[in-house]
Amino acid sequence: MPVPKLRIENLSKTKVVREGKKRRKISVLRDISLEIKSGEFIIILGPSGAGKSTLLRLINRLEEPSSGSIYLDGTNISELRTDRVRQRIGLVFQVPVILTGSVREELSLPLELHDIKVESDNHPEELLRMVSLDTGLADRDPTQFSLGQKQRLALARSLALKPEVLLLDEPTSALDPASSLAIENLILKLNRKMGLTILFVTHNVEQAKRLGKDCAIIIDGGIIETGKPEEIFERTTNRAILNYLGRS
Amino acid sequence: MLTGYYQVLMALVLIAVAVVLSRWQRARLEKDLLVGTVRAFVQLVAIGYALEFIFDLNHPLLILLTIVIMMTVGAYTAAGRVREVPSAFGIALLSISLGTFFTIGLMLLTRIISTDPKYVIPLAGMTIGNCMIATTLGLERIHAEIVGKKEKIEAILALGASSRQASLESCCVSVRAAMTPIVNMMKVIGLVQLPGAMTGMILAGASPVEAVRIQIVVIYMLASAVGIASLSATRLSLRSYFTKFHQLREV
Ligand SMILES: Nc1ncnc2c1ncn2[C@@H]1O[C@H](COP(=O)(O)OP(=O)(O)OP(=O)(O)O)[C@@H](O)[C@H]1O
Ligand SMILES: [Mg+2]
């Protein structure tokens, strides 16, 4: 059996929240285990506050888990250099953040950070094509882009590093329905054409059904069900899921 | 004994004017003014006697101890103004020490000044004061920068940038903020206000040209010390904001 691209083992995360002057520990993720094969597309579906973003942040190592481990190609990511982990596992945030003053700089920044040479498959025009942005935009100031354009640019910026895994944190939640569909199709294409392993986080049940991929339902910090959304929908008797899927 | 303080008593008349003005304007500053008056008097008289004792004894260890105490008070004051910065006291103490010891040390080594406490202590005092302000400004700014640019910083980190790379811009801005007062002061020095050291020397009877010579040395020394302290404070503070795995801490 081949080693999974990503293996998450008994992952837990507690955080300290301040309530006035008091500090209280809350459990954000509880005993999460998940395996993702190379080239697979997995949806993480769950309501707001379920811990989805936290899970992605742990995989990109923006945070340390309280317990449990994450393996990339069989190696615990805590034994790898952080910059290498983040190069191999890209993270696209819910709200796109623009870092520079031009599209070109935006796309060469990741290469500069890692001392990577510009080649035919990571130069700005090619990256723009990958995310279906007009190559004529290369010299524009991205702070003036629409949200959808910014999100595509953020996606292209992650792709510049040729990641093996792409973590997408509700990449369409800030977009209108048409732009959302376009981004969904774009990501499906990246998975299909480039074999990119994808973890797609969403709180939107319809979107999960539309994507039609395997899905892990996370509620209150724990994974309760895995499978195709429709099948889970059919078979589950779990109250929390039924509530969430809108049928109780 | 009191006759020596005749001038001081007369100066009190000036405070009385301020109190009357405050009353008249209903600024309600009378109490603060009076407390300030008493504090300034007590503190300065105490320092006067302490310095006289230190100057007379002229012992290197005592001079060093005095400087260390001044640095500690400076760091404590700086930290008090930037409570939001984790381990601000340690950062301030180290930064103020670096700036002070480097510049005063260099001036001693090159024999620009002698080890006479008459020179060393006032110069150290000025250096520490300026480093204290620079440290406060630098830390205030880096905190605002990092908290305000959290999303941006994490987005760069997520691309694999190091903490240094991710905070480069914030550090630059903070060092500039910390150094702005001394840079501005150098630009207009002598034109708007005669600096303290120079004023003191002229009042004590030195010729203006002689006073200027010392003042030039002092201002260059301060600029150097402030540069060191600013850079050190911002760089040291990064440890409070980032983990060794290039993660932004919760602050
Ligand atoms: N920095 C933090 N400090 C304390 N608690 C936090 C912090 N960040 C998140 N939490 C808590 O952890 C839980 C999970 O947060 P998380 O952002 O991972 O949820 P999510 O599933 O991504 O939600 P959403 O769909 O709204 O983005 C929430 O209850 C949240 O309040
Ligand atoms: Mg989220």
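Let me start with B:E250, where, in this predicted model, a polar side-chain atom lies 2.8 Å from a nitrogen atom of ligand 1. On the side of chain A, a polar side-chain atom of A:S48 lies 2.5 Å from an oxygen atom of ligand 1, while A:A50 brings a backbone N or O atom to 3.1 Å from an oxygen atom of the ligand. Taken on its own, ligand 1 has 630 Å² of accessible area, of which the protein covers 68%.

Looking next at the shell as a whole, ligand 1 is surrounded by 16 residues, and the closest of these are A:S48, A:K52, A:S53, A:T54 and A:E170. As for where the shell residues come from, at least two are supplied by each of β1 (6–19), β2 (22–36) and α1 (52–59) of chain A.

From β1 we can follow the strands of chain A further. β1(A) runs antiparallel to β4, residues 67–72, and five bridges join the two strands; within β4(A), A:I70 is the residue that stands opposite A:I8. β4(A) is in turn joined by two bridges to β5, residues 75–76, again in an antiparallel arrangement, with A:L72 standing opposite A:T75. Which residue of the hairpin of β4(A) and β5(A) takes a positive phi? There are two residues between these strands, and A:D73 is the one to look at, with a positive phi near 50°.

Technical notes. Residues are numbered from 1 along each chain as its sequence is written. Chains are lettered from A and ligands numbered from 1 in the order in which they are written. This is a predicted model: local features need pLDDT of at least 70, side-chain atom pairs count only at pLDDT 80 or more; totals for chains, interfaces and linings use all residues. Side-chain values use heavy atoms; hydrogens and water are left out. A residue is near a molecule or strand if one of its heavy atoms lies within 4 Å of it. A polar contact is a pair of N or O atoms within 3.5 Å; within protein, one must be able to donate a hydrogen and the other to accept it, and residues adjacent in sequence count only if both atoms are side-chain atoms. Accessible areas come from the Shrake-Rupley method with a 1.4 Å probe; for residues, only the protein chains shown count as cover. Helices (H or I, at least four residues) and strands (E, at least two) are DSSP runs, numbered from the N terminus. Two strands pair if DSSP finds at least two bridges between them.
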